[in-house]
Number of protein chains: 2
Amino acid sequence: MILDGKQTSIELQNKMAIEVQNRKKEGLKTPHLAAILVGEDGASQTYVNAKVKACEQVGFDSTLIHLPKETTEHELLSQIEALNEDKNIDGFIVQLPLPAHINVDKVFQQVKPNKDVDGFHPINIGRMVKNLPAYISATPLGILMLLEKYNIETAGKKCVVLGRSQIVGLPMSILLARNTTIGNCTVTLCHSKTSNIKKHTLEADIIVVALGIAEYLKGNMVKKGAIVIDVGITRVNDETKKSGFRLLGDVDYEKVAPKCIAITPVPGGVGPMTITALLHNTLLACKKEIYG
Amino acid sequence: MILDGKQTSIELQNKMAIEVQNRKKEGLKTPHLAAILVGEDGASQTYVNAKVKACEQVGFDSTLIHLPKETTEHELLSQIEALNEDKNIDGFIVQLPLPAHINVDKVFQQVKPNKDVDGFHPINIGRMVKNLPAYISATPLGILMLLEKYNIETAGKKCVVLGRSQIVGLPMSILLARNTTIGNCTVTLCHSKTSNIKKHTLEADIIVVALGIAEYLKGNMVKKGAIVIDVGITRVNDETKKSGFRLLGDVDYEKVAPKCIAITPVPGGVGPMTITALLHNTLLACKKEIYG
């Protein structure tokens, strides 16, 4: 079974579009997402543009603030403060990566927690850990939504998460271990210091790969009947494509897919779900469902 | 090797005592810990008294606020607010468990993060997850301090944590997986929904048992050469003791210890380290080292 993030996103976004239409009819506020992009990174521009476009499609308002790569940390923090205070903006994101001269932690601590729809502020992470209402980061949340959509049973399953990044691997490992419907897994978090990753993945019922290494997970690393979630997205040059590149996941799909009972493709798996989860969080923000 | 929490605590507390003496000589503030105890639970009274006594021993000021078990949530929150505002109090704790009519999450969110020396506020948990300066809960921190004291190599080790409680198991699993000196383990978090826990523990280099089930971990669940950290502390009736009870850990010590290269005893292992870690956090609070 292919866990179709594209199709699932269309369905979930259609639902949101209807809800937004109804809100407008009732004279309620239209959700409004703002995004700050610093610099000219090609992939980042693509991602931000996709988020803005998705807002349009579901009827959200959106604002893109594109700052030059020379923007100082102080200027960026001031811009964040302005969005914190702007009553018309329900939530906003700061697209990663940021230029090296800007302290990422400082930036995310400046975002007001109730507008932190990317869920990167420490208080949202802490609330997630404690299973309190929280904005959950878009990629992990998107994965949970996808597993839920396909009624994947997770309780008691052995789950291996590859990669301990702050934005995917680590929160994913925490979320899947929680005592919640999509959760209750026995989770092992593997990373660069793990010896014999293959031994871990071979025993796993569910594997989440979030390393950013193209085609890392090979066919001989996966047991028959596994469920594989591929978070990777690497651009490799491909002159046969109009864009000049194609996208590869962290999974050697050709070899791994035949062994799986469920797997996400790249593209069309976790990527679209990330955007859908961001829209979901923005709608929550507009409805003040997390912080009241 | 016995990881002697009692002896380690004496050494670390002696260091703190000297630092406090020097602070007093220099006219700097004396660290001041307050503790709120609600109700008459016997074990809780013992724990709080031990914390107050430890404060005296290292030269901290301490305040014990003992409220009746009928205290309303509102009254407790007001008491917390008073401590938040009291400039003389550097940090304070609310002893668990609380009576059932009080919402624990509300209570810990009321504590000002810079006085939250138990590290239970979501923002301290989030900062810990992100590896930012944070108050780390006393029991996990005490375990880290003990492992550090005995120069235990953790990087690349397979670690199994039994129990996903908010105050021990879950933070312990996060801390041991971080890219830090005492960290970089490949951590598996096991809990009530885990099937075949024995299979996991048998493969582990380091086992942290935090289930609260007396003598849960048996000799046949541990491989030779393992390191075992016993967080459990259960009172069982024992008429031969003056107190009428004795303390049991979560580990069948007699059978497990001979297989281990290092193990914590109960009592005298994690328990004293928990108190030492709390003192450590209080000293940090007094020196404003976490939040400036």
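This is a predicted model: local features need pLDDT of at least 70, side-chain atom pairs count only at pLDDT 80 or more; totals for chains, interfaces and linings use all residues.
The contact between the chains can be described from the side of chain A. Here, 25 residues of chain A are in contact with 25 residues of chain B. Helix H5 (122-129), helix H7 (169-177) and strand E5 (186-190) of chain A are the elements that give two or more residues to the side touching chain B. Of these, H5(A) gives the most, with seven residues. Sorted by class, this side of chain A has eleven nonpolar, nine polar and five charged residues.

Helix H7 deserves a look in both chains. In chain A, nine of the nine residues of H7 are buried, so this helix is largely enclosed by the rest of the structure. The buried residues of H7(A) include Gly169(A), Pro171(A), Met172(A) and Ser173(A). For chain B, nine of the nine residues of helix H7 (residues 169-177) are likewise buried, so H7(B) is also largely enclosed by the rest of the structure. Among the buried residues there are Leu170(B), Ile174(B), Leu175(B), Leu176(B) and Ala177(B).

In soluble globular proteins, nonpolar side chains tend to be buried together. The largest nonpolar core of this model has 176 residues, of which Ile207(A), Val208(A), Val209(A), Ile207(B) and Val208(B) touch the most other members. In chain B, strand E6 (residues 206-209) pairs with strand E7 (residues 226-230) in the parallel sense over four bridges. Ile207(B) stands opposite Val228(B) in E7(B). Leaving aside residues up to four places away in sequence, Ile207(B) touches Val160(B), Thr201(B), Leu217(B), Val222(B), Ala226(B), Val228(B) and Ile229(B).

Chain A is divided into domain 1 (28-113) and domain 2 (138-270). The C-alpha centres of these two domains of chain A lie 27 Å apart.

A second open sheet is found in chain B, where three strands follow the order E2-E1-E3 with parallel pairing. Strand E2 (61-67) and strand E3 (91-94) of chain B are the edge strands, and each pairs on one side only. Neighbouring strands in this sheet are turned by 15° against each other on average, direction ignored. Strand E1 (residues 32-38) of chain B runs parallel to E2(B), and seven bridges join the two. His32(B) stands opposite Asp61(B) in E2(B).

In chain B, a cis peptide bond joins Leu96(B) and Pro97(B), with omega of about -5°. Pro97(B) is found in the loop between E3 and helix H4 (104-110) of chain B. Another cis peptide bond runs from Val266(B) to Pro267(B), with omega near -5°; Pro267(B) lies in the loop between E10 and helix H10 (270-286) of chain B.

Positive phi values occur at two asparagines. Asn151(B), which is not a glycine, has a positive phi of about 50°. This residue is found in the loop between helix H6 (138-149) and strand E4 (158-162) of chain B, and Asn151(B) is exposed, with 7 other C-beta atoms within 10 Å. Asn131(A) has a phi near 60°, again a positive value in a residue other than glycine. The place of Asn131(A) is in the loop between H5 and helix H6 (138-149) of chain A. Asn131(A) is partly exposed, because 16 other C-beta atoms lie within 10 Å, a count that falls between the cut-offs of 12 or fewer for exposed and 20 or more for buried.

Arg178(A), in the loop between H7 and E5 of chain A, is 47 residues from Asn131(A) in sequence and 7.6 Å from it in space, C-alpha to C-alpha. Not counting residues up to four places away in sequence, Arg178(A) touches Asn131(A) and Gly183(A). With 19 other C-beta atoms within 10 Å, Arg178(A) is partly exposed.

Notes. Residues are numbered from 1 along each chain as its sequence is written. Chains are lettered from A and ligands numbered from 1 in the order in which they are written. Two strands pair if DSSP finds at least two bridges between them. Domain bounds come from an automatic or database domain assignment. Two residues are in contact if their C-beta atoms, placed from the backbone, lie within 7 Å. Ala, Val, Leu, Ile, Met, Phe, Trp, Tyr, Cys and Pro count as nonpolar, Asp, Glu, Lys and Arg as charged, and the others, Gly among them, as polar. A nonpolar core is a set of buried Ala, Val, Leu, Ile, Met, Phe, Trp, Tyr and Cys residues joined through C-beta atoms within 7 Å. Axes are lines fitted to C-alpha atoms, for helices over the stretch in contact, and angles run from 0 to 180 degrees between N-to-C directions.
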